[in-house]
Amino acid sequence: MTSTAENQSGFRVKIQRFGGYLSGMIMPNIGAFIAWGIITALFIPKGWLPNEAFAKLVSPMITYLLPLLIGYTGGKMVYDVRGGVVGATATMGVIVGSDIPMFLGAMIVGPLGGYLIKKFDKLMEGKVKQGFEMLVNNFSAGIIGGLLTLVAFKGIGPVVSAISKTLAAGVGKIIDWHLLPLANIFIEPAKVLFLNNAINHGILSPLGIEQAAKTGKSILFLLETNPGPGLGILLAYWLFGKGTAKQSAPGAAIIHFLGGIHEIYFPYILMKPILILAAMAGGVSGVLTFTIFHAGLVAVPSPGSIFALLAMTPKGNYLGVLSGVFVAAAVSFFVASIFLKSAKNNEEEDITKAAEKMQQLKGKKSDVVTVLKKEEEEAIPAKVKKIVFACDAGMGSSAMGASILRNKVQKAGLDIEVTNTAINQLPPDADIVVTHQNLTDRAKEKLPNAFHISVENFLNSPKYDELIEMLKNKG
């Protein structure tokens, strides 16, 4: 039994890591994607402000700028700026070697370029004579980048182009057969496992951008980013939940719907996994509504806020987009309400909470509570200088959690830096790492020597106050 659970956990971590690398190449460049989307929505012939001169920017940006940014970021993730330069250089090969936007190709050759130059530098380490370092560095990057560009132009580009066209044709068939809503049967559970950024930015966005380049919009941008399912679940918790879940649900709903941080509602589903059916029902009904109205967006909305969705909505699609969002919210609310009203207990308790409850019921001090807290306190480093919150993308839920704990640290008068980042970019000098419990394994693998804290909810975790108390005791 234990072995099976460990295997499943290891597989989940591998999938999350791979998805993290895919989304890690897109997320830093979301601003450029949004810039392209705004220019497209405004100035193409069917846009809000048609302008033939400004519309000339659309094609070069999607053909050259966006793939090159992805290729550079992919190479930089592997081997810093040097890897980024080689990755961007190689990306030109797949761009010129194909007749479609090469997002998938850039996500392949960018990291490949970074990997090859990293391996070369490792091979030459200590073997270059003094005074020749710059010469070798520049020429090695140029030669490897040039050769990989030629390989990408002749070999990788055409292959990736064929794969992209096949995938696009497959998606087109699914849309034609009216089966696209069924995709959310898989998307919603994957989101809750923190694969949301991988699905959206690693799979749907590249396909959606190619579709939008041809038709001016794509429904694929709405599959994962629709805030409706999460909103419905949070509203159901607000009305029919109990305890801290009920109290925190209104704030979480605002952050989710208006701020676009979807990770905020994942813990509410994890508290009661049956609610994934509510998310699936909302997601399917929302996409079905989008399909009926032929709705779509011009570019990926990030974060998945209602404001971002509306900003990326082309003329004539507002009714369809808003209808899909609110239908999804209504359906998920209805299904979640049924489960919550019929449940006896709406909150799961970790072992520490359970032990504390036992202590209250017994009316006397429990050794279990004392031992658990003492073990945690002894494991914390003697001198804590930096606490890092980490999530998949390093922007949404981790930024929110870091802000909450930073305020508590300041009020406690502790001289400790509190920051946030993506798991793949965890700094080596982090003393304490805070992650959602589904991401802790990845964080430990990345930074095994740090003290790791798992939380169920970044917005309202009792572990923040416990940590502050332990840090005070250490001081």
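**Packing and pockets in a predicted model**

Setting aside residues up to four places away in sequence, valine 160 touches Met102, Leu104, Gly105 and Ile108, where contact means heavy atoms within 4.5 Å. This is a predicted model in which local features need pLDDT of at least 70 and side-chain atom pairs count only at pLDDT 80 or more, while totals for chains, interfaces and linings use all residues. Residues are numbered from 1 along each chain as its sequence is written, and side-chain values use heavy atoms, with hydrogens and water left out. Valine 160 sits in helix H6; helices (H or I, at least four residues) and strands (E, at least two) are DSSP runs, numbered from the N terminus. Valine 160 counts as buried because its relative accessibility is 3%, buried being under 20% relative accessible area, exposed over 50% and partly exposed in between (1.4 Å probe, protein chains only).

Zooming out, the protein has 18 helices and 4 strands, and 50% of its 475 residues count as buried. Among contacts with a separation of 6 or more, 72% come from residues 24 or more positions apart.

On to the cores, each a set of buried Ala, Val, Leu, Ile, Met, Phe, Trp, Tyr and Cys residues joined through side-chain atoms within 4.5 Å. In soluble globular proteins, nonpolar side chains tend to be buried together. The largest nonpolar core here holds 105 residues, and those touching the most other members are Trp36, Tyr237, Ile387, Phe389, Leu405, Ile432 and Val434. H7 is the top contributor to this core, with 10 residues. A second, separate core has 10 residues, including Ala90, Val94, Ile95 and Ile156.

H7 turns up again in the second largest pocket, where it gives the most to the lining, with 8 residues. The volume of this pocket is about 400 Å³. Its lining has 20 residues, of which Leu167, Val171, Ile203, Leu204 and Leu207 are the closest to the centre. Helix H5 (103-124), helix H6 (133-176) and helix H7 (184-215) are the elements that give two or more residues to the lining. For the record, a pocket is an open set of points on a 1 Å grid over the protein atoms alone, where a 1.4 Å probe fits, with protein on both sides within 12 Å along at least five of seven lines; lining residues have an atom within 4 Å of a point. A volume is the space filled by probe spheres set on the points.
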